Amino acid sequence: MEDEPYLDFPGPSTPYIDYQSIDVLLSLQHPLSEAPAEPTFYVLGQVKELLFKLLYGELCTVRALLDADDVAQAVWTLRRARRVIELLTRTWDVLGTLAPTEFNAFREQLGRASGFQSYMYRMLEYVLGNKNAAMARPHRRVAHVHVQVQEALQAPSVYDAALHLLARRGSAIPDAVLVRDLSAPYESHPAVERAWADQYVAGPGDDTFELAEALIAVAEGFSRWRCLHLLTVERIIGTKSGTGGTTGVQWLRRAAEHRIFPELWSARGLL
Ligand code: HEM
(Lines give C-alpha, C1' and ligand atoms only; values in the text may rest on other atoms or scores of the structure.)
Protein backbone atom coordinates (compact mmCIF):
# COMPACT_ATOMS: atom_id res chain seq x y z
CA MET A 1 0.00 0.00 0.00
CA GLU A 2 1.35 3.42 -0.94
CA ASP A 3 2.13 5.89 1.83
CA GLU A 4 0.89 9.05 0.18
CA PRO A 5 -0.85 11.85 2.06
CA TYR A 6 -3.61 13.74 0.25
CA LEU A 7 -2.04 17.03 -0.82
CA ASP A 8 -4.52 18.43 -3.30
CA PHE A 9 -8.12 19.33 -2.61
CA PRO A 10 -10.50 20.72 -5.21
CA GLY A 11 -12.26 23.41 -3.17
CA PRO A 12 -11.06 26.62 -1.43
CA SER A 13 -10.64 24.75 1.88
CA THR A 14 -9.39 21.46 3.32
CA PRO A 15 -11.46 18.76 5.00
CA TYR A 16 -9.59 19.47 8.23
CA ILE A 17 -10.51 23.17 8.22
CA ASP A 18 -14.10 22.31 7.36
CA TYR A 19 -14.55 19.64 9.99
CA GLN A 20 -13.80 21.90 12.97
CA SER A 21 -14.06 25.41 11.49
CA ILE A 22 -10.37 25.75 12.29
CA ASP A 23 -9.95 28.97 10.31
CA VAL A 24 -12.81 30.58 12.23
CA LEU A 25 -11.43 29.31 15.53
CA LEU A 26 -7.96 30.69 14.80
CA SER A 27 -9.35 34.07 13.78
CA LEU A 28 -10.90 34.69 17.21
CA GLN A 29 -7.79 35.83 19.10
CA HIS A 30 -7.64 39.60 19.54
CA PRO A 31 -5.40 40.59 22.44
CA LEU A 32 -5.79 44.30 23.17
CA SER A 33 -2.17 45.12 23.99
CA GLU A 34 1.35 44.38 22.82
CA ALA A 35 2.17 42.89 26.23
CA PRO A 36 4.08 39.62 25.66
CA ALA A 37 2.03 37.65 28.21
CA GLU A 38 -1.44 38.66 26.99
CA PRO A 39 -1.71 35.91 24.31
CA THR A 40 -1.14 33.28 27.02
CA PHE A 41 -3.89 34.73 29.18
CA TYR A 42 -6.20 35.23 26.20
CA VAL A 43 -5.83 31.79 24.62
CA LEU A 44 -6.00 29.95 27.94
CA GLY A 45 -9.18 31.84 28.76
CA GLN A 46 -10.66 30.60 25.48
CA VAL A 47 -9.38 27.06 26.06
CA LYS A 48 -11.05 27.06 29.48
CA GLU A 49 -14.35 28.20 28.00
CA LEU A 50 -14.24 25.36 25.46
CA LEU A 51 -13.53 22.88 28.24
CA PHE A 52 -16.36 24.34 30.38
CA LYS A 53 -18.65 23.75 27.42
CA LEU A 54 -17.43 20.18 26.92
CA LEU A 55 -17.79 19.43 30.62
CA TYR A 56 -21.27 20.94 30.76
CA GLY A 57 -22.35 18.68 27.88
CA GLU A 58 -20.88 15.59 29.54
CA LEU A 59 -22.68 16.40 32.79
CA CYS A 60 -26.00 16.88 30.98
CA THR A 61 -25.40 13.41 29.48
CA VAL A 62 -24.76 12.01 32.96
CA ARG A 63 -28.01 13.54 34.19
CA ALA A 64 -29.96 11.95 31.30
CA LEU A 65 -28.31 8.56 31.92
CA LEU A 66 -29.21 8.68 35.62
CA ASP A 67 -32.79 9.63 34.72
CA ALA A 68 -32.82 6.51 32.50
CA ASP A 69 -31.43 4.35 35.36
CA ASP A 70 -28.29 3.63 33.32
CA VAL A 71 -25.82 3.82 36.21
CA ALA A 72 -22.97 2.02 34.43
CA GLN A 73 -22.94 4.49 31.51
CA ALA A 74 -23.31 7.42 33.91
CA VAL A 75 -20.25 6.25 35.85
CA TRP A 76 -18.34 5.80 32.60
CA THR A 77 -19.19 9.35 31.50
CA LEU A 78 -18.31 10.76 34.94
CA ARG A 79 -14.83 9.24 34.55
CA ARG A 80 -14.37 11.29 31.41
CA ALA A 81 -15.80 14.39 33.11
CA ARG A 82 -13.20 14.00 35.86
CA ARG A 83 -10.42 13.88 33.23
CA VAL A 84 -11.73 17.06 31.59
CA ILE A 85 -11.67 18.76 35.00
CA GLU A 86 -8.07 17.60 35.45
CA LEU A 87 -7.20 19.19 32.11
CA LEU A 88 -8.90 22.42 33.19
CA THR A 89 -6.97 22.34 36.44
CA ARG A 90 -3.64 21.89 34.64
CA THR A 91 -4.22 25.16 32.78
CA TRP A 92 -3.49 27.01 36.06
CA ASP A 93 0.09 25.71 35.78
CA VAL A 94 0.49 27.73 32.60
CA LEU A 95 -1.30 30.83 33.92
CA GLY A 96 0.79 30.62 37.09
CA THR A 97 3.84 31.51 34.99
CA LEU A 98 2.51 35.07 34.63
CA ALA A 99 4.60 37.32 36.88
CA PRO A 100 2.55 40.12 38.51
CA THR A 101 4.35 42.63 36.35
CA GLU A 102 3.57 40.68 33.17
CA PHE A 103 -0.12 40.57 34.12
CA ASN A 104 -0.15 44.26 35.09
CA ALA A 105 1.13 45.09 31.59
CA PHE A 106 -2.31 44.28 30.14
CA ARG A 107 -4.66 44.09 33.14
CA GLU A 108 -6.27 47.45 32.47
CA GLN A 109 -7.39 46.17 29.05
CA LEU A 110 -9.81 43.89 30.90
CA GLY A 111 -11.82 46.81 32.26
CA ARG A 112 -14.59 45.17 34.27
CA ALA A 113 -14.31 41.84 32.44
CA SER A 114 -13.92 38.92 34.82
CA GLY A 115 -14.40 35.16 34.79
CA PHE A 116 -17.21 35.98 37.20
CA GLN A 117 -19.21 36.79 34.06
CA SER A 118 -18.39 33.45 32.37
CA TYR A 119 -21.81 32.10 31.50
CA MET A 120 -20.46 28.67 30.55
CA TYR A 121 -18.91 28.45 34.02
CA ARG A 122 -22.18 29.57 35.61
CA MET A 123 -24.11 26.89 33.73
CA LEU A 124 -21.52 24.38 34.89
CA GLU A 125 -21.99 25.42 38.53
CA TYR A 126 -25.75 25.10 38.04
CA VAL A 127 -25.66 21.60 36.50
CA LEU A 128 -23.40 20.61 39.41
CA GLY A 129 -26.07 21.88 41.79
CA ASN A 130 -24.63 25.19 43.04
CA LYS A 131 -27.75 27.25 42.39
CA ASN A 132 -27.20 30.92 43.14
CA ALA A 133 -29.70 32.92 41.08
CA ALA A 134 -27.89 36.22 41.70
CA MET A 135 -24.92 34.94 39.67
CA ALA A 136 -27.18 34.83 36.60
CA ARG A 137 -27.88 38.57 36.80
CA PRO A 138 -24.96 39.80 34.66
CA HIS A 139 -26.53 37.99 31.68
CA ARG A 140 -30.07 39.27 31.90
CA ARG A 141 -29.67 41.78 29.07
CA VAL A 142 -27.80 39.35 26.80
CA ALA A 143 -30.88 37.68 25.33
CA HIS A 144 -29.34 34.52 23.81
CA VAL A 145 -27.14 33.90 26.86
CA HIS A 146 -29.85 34.70 29.40
CA VAL A 147 -32.11 31.96 28.00
CA GLN A 148 -29.42 29.28 28.38
CA VAL A 149 -28.36 30.40 31.84
CA GLN A 150 -31.95 30.50 33.09
CA GLU A 151 -32.60 27.06 31.66
CA ALA A 152 -29.58 25.68 33.53
CA LEU A 153 -30.68 27.46 36.72
CA GLN A 154 -34.19 25.97 36.60
CA ALA A 155 -33.12 22.46 35.53
CA PRO A 156 -32.35 19.59 37.93
CA SER A 157 -28.65 19.11 38.61
CA VAL A 158 -26.65 15.90 38.22
CA TYR A 159 -26.95 15.58 42.00
CA ASP A 160 -30.75 15.87 41.83
CA ALA A 161 -30.78 13.11 39.19
CA ALA A 162 -28.62 10.92 41.46
CA LEU A 163 -30.89 11.52 44.48
CA HIS A 164 -33.98 10.64 42.44
CA LEU A 165 -32.24 7.46 41.36
CA LEU A 166 -31.45 6.54 44.97
CA ALA A 167 -35.09 7.19 45.86
CA ARG A 168 -36.23 4.89 43.03
CA ARG A 169 -33.88 2.26 44.43
CA GLY A 170 -35.55 2.49 47.84
CA SER A 171 -33.47 5.08 49.75
CA ALA A 172 -35.47 7.33 52.06
CA ILE A 173 -34.83 10.65 50.30
CA PRO A 174 -37.24 13.22 51.81
CA ASP A 175 -39.85 14.94 49.62
CA ALA A 176 -38.42 18.27 50.74
CA VAL A 177 -35.32 17.30 48.71
CA LEU A 178 -37.02 15.62 45.76
CA VAL A 179 -39.72 18.25 45.19
CA ARG A 180 -38.44 21.76 45.72
CA ASP A 181 -37.62 25.01 43.93
CA LEU A 182 -34.69 23.86 41.78
CA SER A 183 -33.45 27.41 41.24
CA ALA A 184 -32.91 27.94 44.99
CA PRO A 185 -29.70 26.96 46.82
CA TYR A 186 -29.63 23.29 47.80
CA GLU A 187 -29.90 22.60 51.52
CA SER A 188 -28.19 19.53 52.96
CA HIS A 189 -30.34 16.93 54.67
CA PRO A 190 -29.27 14.25 57.21
CA ALA A 191 -31.44 11.61 55.45
CA VAL A 192 -29.50 12.18 52.21
CA GLU A 193 -26.21 11.82 54.09
CA ARG A 194 -27.48 8.50 55.49
CA ALA A 195 -28.59 7.37 52.03
CA TRP A 196 -25.10 7.99 50.60
CA ALA A 197 -23.44 6.24 53.55
CA ASP A 198 -25.65 3.21 52.81
CA GLN A 199 -24.31 3.01 49.24
CA TYR A 200 -20.86 2.29 50.67
CA VAL A 201 -21.91 -0.92 52.44
CA ALA A 202 -21.76 -3.16 49.35
CA GLY A 203 -18.30 -1.96 48.27
CA PRO A 204 -16.54 -1.82 44.86
CA GLY A 205 -18.45 -3.49 42.04
CA ASP A 206 -21.82 -2.38 43.36
CA ASP A 207 -23.27 0.15 40.95
CA THR A 208 -24.34 2.86 43.40
CA PHE A 209 -21.04 2.53 45.29
CA GLU A 210 -19.30 3.15 41.96
CA LEU A 211 -21.65 6.06 41.29
CA ALA A 212 -20.92 7.64 44.67
CA GLU A 213 -17.16 7.40 44.06
CA ALA A 214 -17.42 8.72 40.49
CA LEU A 215 -19.47 11.70 41.74
CA ILE A 216 -17.07 12.50 44.56
CA ALA A 217 -14.17 12.33 42.07
CA VAL A 218 -15.88 15.04 40.02
CA ALA A 219 -16.67 17.08 43.14
CA GLU A 220 -13.10 16.84 44.40
CA GLY A 221 -11.70 17.68 40.96
CA PHE A 222 -13.93 20.73 40.78
CA SER A 223 -12.78 21.88 44.21
CA ARG A 224 -9.17 21.48 43.05
CA TRP A 225 -9.95 23.78 40.10
CA ARG A 226 -11.35 26.40 42.47
CA CYS A 227 -8.44 26.06 44.91
CA LEU A 228 -5.81 26.39 42.19
CA HIS A 229 -7.64 29.40 40.75
CA LEU A 230 -7.44 30.97 44.20
CA LEU A 231 -3.73 30.16 44.58
CA THR A 232 -2.86 31.37 41.09
CA VAL A 233 -4.78 34.61 41.61
CA GLU A 234 -3.10 35.17 44.99
CA ARG A 235 0.26 34.66 43.34
CA ILE A 236 -0.52 37.11 40.54
CA ILE A 237 -2.54 39.94 42.14
CA GLY A 238 -2.07 39.34 45.89
CA THR A 239 -4.40 41.59 47.88
CA LYS A 240 -5.72 43.62 44.92
CA SER A 241 -9.44 43.56 44.25
CA GLY A 242 -10.87 41.72 41.24
CA THR A 243 -11.84 43.30 37.91
CA GLY A 244 -15.32 41.82 38.54
CA GLY A 245 -15.81 44.05 41.59
CA THR A 246 -15.10 41.63 44.44
CA THR A 247 -12.40 41.74 47.13
CA GLY A 248 -10.48 39.25 44.95
CA VAL A 249 -8.62 36.55 46.87
CA GLN A 250 -10.85 36.91 49.93
CA TRP A 251 -13.96 36.32 47.79
CA LEU A 252 -12.37 33.40 45.94
CA ARG A 253 -11.34 31.82 49.24
CA ARG A 254 -14.98 31.75 50.36
CA ALA A 255 -16.04 30.32 46.98
CA ALA A 256 -13.37 27.61 47.28
CA GLU A 257 -14.83 26.46 50.60
CA HIS A 258 -18.13 25.53 48.92
CA ARG A 259 -18.59 21.84 48.13
CA ILE A 260 -20.77 20.42 45.37
CA PHE A 261 -22.68 17.19 46.21
CA PRO A 262 -22.48 18.15 49.93
CA GLU A 263 -23.81 15.00 51.60
CA LEU A 264 -21.35 12.87 49.65
CA TRP A 265 -18.64 14.70 51.57
CA SER A 266 -20.35 14.70 54.95
CA ALA A 267 -21.38 11.02 54.65
CA ARG A 268 -17.69 10.20 55.12
CA GLY A 269 -18.17 11.12 58.76
CA LEU A 270 -20.64 8.26 59.14
CA LEU A 271 -18.45 5.56 57.61
C1 HEM B 1 -4.71 34.53 35.60
C2 HEM B 1 -5.32 35.61 35.92
C3 HEM B 1 -6.64 35.62 36.67
C4 HEM B 1 -6.92 36.39 37.74
C5 HEM B 1 -5.99 37.39 38.41
C6 HEM B 1 -8.28 36.09 38.13
C7 HEM B 1 -8.93 36.69 39.19
C8 HEM B 1 -10.23 36.46 39.56
C9 HEM B 1 -10.91 37.14 40.63
C10 HEM B 1 -10.29 38.19 41.54
C11 HEM B 1 -12.18 36.66 40.68
C12 HEM B 1 -13.30 37.12 41.63
C13 HEM B 1 -14.30 37.97 40.87
C14 HEM B 1 -13.72 39.32 40.50
O15 HEM B 1 -13.80 40.25 41.30
O16 HEM B 1 -13.17 39.44 39.39
C17 HEM B 1 -12.30 35.68 39.65
C18 HEM B 1 -13.43 34.94 39.39
C19 HEM B 1 -13.50 34.00 38.41
N20 HEM B 1 -12.54 33.68 37.48
FE21 HEM B 1 -10.66 34.33 37.47
N22 HEM B 1 -8.79 35.14 37.33
C23 HEM B 1 -7.82 34.83 36.39
C24 HEM B 1 -7.95 33.94 35.35
C25 HEM B 1 -9.11 33.27 35.06
C26 HEM B 1 -9.30 32.44 33.88
C27 HEM B 1 -8.30 32.23 32.76
C28 HEM B 1 -10.55 31.91 33.97
C29 HEM B 1 -11.21 30.97 33.04
C30 HEM B 1 -11.93 31.37 32.03
C31 HEM B 1 -11.14 32.42 35.19
C32 HEM B 1 -12.40 32.12 35.61
C33 HEM B 1 -13.01 32.69 36.68
C34 HEM B 1 -14.35 32.36 37.09
C35 HEM B 1 -15.25 31.31 36.45
C36 HEM B 1 -14.66 33.16 38.19
C37 HEM B 1 -15.94 33.12 39.01
C38 HEM B 1 -15.75 32.09 40.12
C39 HEM B 1 -17.01 31.71 40.84
O40 HEM B 1 -18.12 32.09 40.46
O41 HEM B 1 -16.90 30.96 41.86
N42 HEM B 1 -10.24 33.21 35.82
N43 HEM B 1 -11.09 35.57 38.99
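**Exercise 1. Helix H6**

Which residues of H6 are buried?

*Solution.* This is a predicted model.

Step 1. Locate the helix: H6 covers residues 119-127.

Step 2. Apply the cut-off. A residue is buried if 20 or more other C-beta atoms lie within 10 Å of its own.

Step 3. List those that pass. They are Tyr119, Arg122, Met123, Leu124, Glu125, Tyr126 and Val127. That makes seven of nine residues, and H6 is mostly covered.

Step 4. Find the cover. H3, helix H7 (143-154) and helix H8 (158-168) are among the elements over the buried residues of H6.

Step 5. Gly129 follows H6, and its phi is positive, near 100°.

**Exercise 2. The whole chain**

*Solution.* Step 1. Count the elements. There are 13 helices and zero strands.

Step 1. Take the box. The C-alpha atoms fill roughly 65 × 60 × 35 Å along the principal axes.

Step 2. Check burial. The chain has 271 residues, and 30% of them count as buried.

Step 3. Sort the contacts. Take those between residues at least 6 apart in sequence: 70% of them join residues at least 24 apart.

**Exercise 3. The nonpolar cores**

*Solution.* Step 1. Size the core. The largest one holds 48 residues. Val127, Ala162 and Leu215 have the most contacts inside it.

Step 1. Name the suppliers. At least two residues each come from H3, helix H4 (71-95), H6, H7, H8, helix H10 (190-199) and H11.

Step 2. Pick the largest share. H11 supplies it, with nine residues.

Step 3. Zoom in on Ala162. Leaving aside residues up to four places away in sequence, Ala162 touches Leu66, Leu211 and Leu215.

**Exercise 4. The ligand shell**

How many residues surround the ligand, and which are the closest?

*Solution.* Step 1. Count the shell: 25 residues surround the ligand. The closest are Ser114, Gly115, Gly242, Gly244 and Thr246.

Step 1. Trace the shell to its elements. Helix H3 (38-67), helix H11 (207-237) and helix H12 (249-257) each give two or more residues.

Step 2. H11 gives the most, with five residues.

Step 3. Sort by class. The shell has 11 nonpolar, 12 polar and two charged residues.

Step 4. Link back to Exercise 3.

Definitions and conventions:
Residues numbered from 1 in each chain as written. Predicted model: local features only at pLDDT ≥ 70, side-chain atom pairs only at ≥ 80, totals over all residues. Near = placed C-beta within 6 Å. Helix = DSSP H or I, 4+ residues; strand = E, 2+ residues; numbered from the N terminus. Nonpolar A, V, L, I, M, F, W, Y, C, P; charged D, E, K, R; others polar. Buried ≥ 20, exposed ≤ 12 C-beta atoms within 10 Å, placed from the backbone. Contact = placed C-beta atoms within 7 Å. Core = buried A, V, L, I, M, F, W, Y, C linked by C-beta atoms within 7 Å.
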